[in-house]
Amino acid sequence: MDMKVSKKLGLKERYTMMTRDLAWDTTFQPMDKVFPQVGYEGIKIHDWNAWEDPFRLTMDAYWKYQAEKERKLYAILDAFNQNNGHLSVTDARYINVLKLFLGSTPPLELMAARGFSMVARQMVGAGPRVACMMQSVDEYRHFQTQIHSISNYNRFYNGLDEFAHQQSRMWYLSDGKSFFDDAITAGPFEFMVAIGFAFEYVLTNILFVPFISGAAYNGDMAAMTVGFSAQSDEARHMTLGLECIKFMLEQDPDNLPIVQRWIDKWTWRGTRKLASVGMMMDYMLPKRIMSFKEAWEIYFEQNGTALFTDLARYGVKVPKCFDQTIEEKEHITHQSWIGFYMKPDATPFHTWMPQPEELDWLSEKYPNTFDTYYRPVYEHWIAQEKAGKRFNNKTQPMNCQVCVSTIKFNEPGDPMEMCFRETVYKGEKFHFCSDHCREIFEDEPEKYVQTFISSHAALQGKCEPEGTDVNAHDYRPGARMHAYWRMDKRASGDFNGSEDQKNFAKWRAQATQN
Amino acid sequence: MTSNAFIAFQKNEETRCIVEAIVDDNPAAVVVDQPAMVKVDVPGRLVIKRATVEEKMGRDFDLQELQLHLITISGHLDESDDEFTLSWEA
């Protein structure tokens, strides 16, 4: 009997049949009533069928590969935990980078999952809807795997257990929260530029590539597997963001000024958010593998230049902030660590002064700035600490109305001067960290007057633990911030003398002796 | 100056073969070893050919398996059953 073997469909045909061919146009209601959000931002789309996801990933293949990634990830996580892996990290200071990274990122992943499920509903074309749905599921996966990764550390170390409560309340978590709040309250196309382009292309390339590569060489297999597994999805996410930008630019020339404004805005917001990621690389990994400056040059300057050179054919210009970010790469990580070190009572992770060989590493990596501007600050503080006067700034920080970073970065062109901007809107004064943030505010003031800044709101009596009587005669605003934050006191203060430091030394000794 | 297209993978036995295939098919490829990962830069256009990867691995290979090991990419992507291409317009 002759068997007729039908040829397997090619990737392109399979993708077309499994996505676009399964979609339909509504007939009971007009399409623009069913999908109203795509019209709100002024973006003009004439042909949704022109969108094609370059990965051409169909849903069945998606589940297959994601399941395989999960199996690998959890095999490594289990092995790490079974092997007492937490004691094999370089030194106990390392745990603090996890408190910052894994304490701030999961809630942002969850916001991304929500955002992409919204955009998957709002987009008209089948291609972007399927890709957004996959990304939503990816982000939910990252949220879960990161929490699973923390949970083992949480059994041993302080300060990891209240990240969900602290997300909306803690001063230094507000920049990430505001990034996602801003994106998710924009329209679907701006959301795609904010997350698909700025967050994935600018930020995760630094956070999940050189930082995670560093985590691997600090002995943290758990963070490494979670980070690399997440980043394997990000390659797809970046492609989606880039595809969306190209699609808007190809559909109508009127889209260019809108897209350019979003690129300018979100590149800057991504850059601001990166200051603390860079600080993690330069100050918190005991074993360093690459400076933030080097990572920035590879993943933003070179890679960003490649992208913007390519997009120039559509008329896109390099983001306005590009030159300023190049100047700032020499400064922001040092300014961030100084900012955190000076507030030992206000973070659920420890800070410390760099050791002598670490100061030398920083001098070598930052020859233009470190010895001139930052080493003298550290040497002064090291002397103070030795004299029993560890520096402790007990005041509330002042935050930027747009990016909600603490106002601490330098004036462009003058590293000795702090950059500070303000504007008056409807009789009220608002404060900014930079010209770029002020411009973002002035474009949409009604949006940004609503920013919640806990360090400012606390002084108005709005950040108090339950049961506080703000009308009591002895009430002092902000006096009970620790209770409001649910801060574990054991997790704050200098690393030297901390419970984590003592426990780690004791447990590591137990692991190598009888 | 031509921009680099690049791809980075987790370092493991499978990606060792994939990187060897890239080096064979892209004479201008520069391999950058980093802790736990490997990055390959190629000016302008980087192509991964299924047939070459299969030869290196000694088994059938579906280009979508790249998803399992990918860390990051740079360049416009085009993917078919036989080739995975990243490119920048100069």
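User: What makes residues of chain A and chain B count as being in contact, and how many are there on each side?

Analyst: Two residues are in contact if their C-beta atoms, placed from the backbone, lie within 7 Å, and by that rule 32 residues of chain A are in contact with 24 residues of chain B. This is a predicted model, in which local features need pLDDT of at least 70 and side-chain atom pairs count only at pLDDT 80 or more, while totals for chains, interfaces and linings use all residues. Residues are numbered from 1 along each chain as its sequence is written, and chains are lettered from A and ligands numbered from 1 in the order in which they are written.

User: Which helix supplies the largest share of the side of chain A that touches chain B?

Analyst: Helices here are DSSP runs of H or I with at least four residues, strands are runs of E with at least two, and both are numbered from the N terminus. The largest share, eight residues, comes from H10(A). Among the helices of chain A that each supply at least two residues to this side are H1 (11-18), H3 (59-82) and H10 (221-251).

User: Why is H10(A) called mostly covered?

Analyst: A residue is buried if 20 or more other C-beta atoms lie within 10 Å of its own, exposed if 12 or fewer, and partly exposed in between, with C-beta atoms placed from the backbone. In H10(A), 27 of its 31 residues are buried, and for chain A as a whole 49% of the 514 residues count as buried.

User: What makes chain A as compact as a globular protein of its length?

Analyst: Chain A has 21 helices and four strands. Its radius of gyration, taken over C-alpha atoms, is set against the globule rule of 2.2 Å times the number of residues to the power 0.38; the value for chain A is 24 Å, close to the 24 Å that the rule gives for 514 residues, so the chain is as compact as a globular protein of that length.
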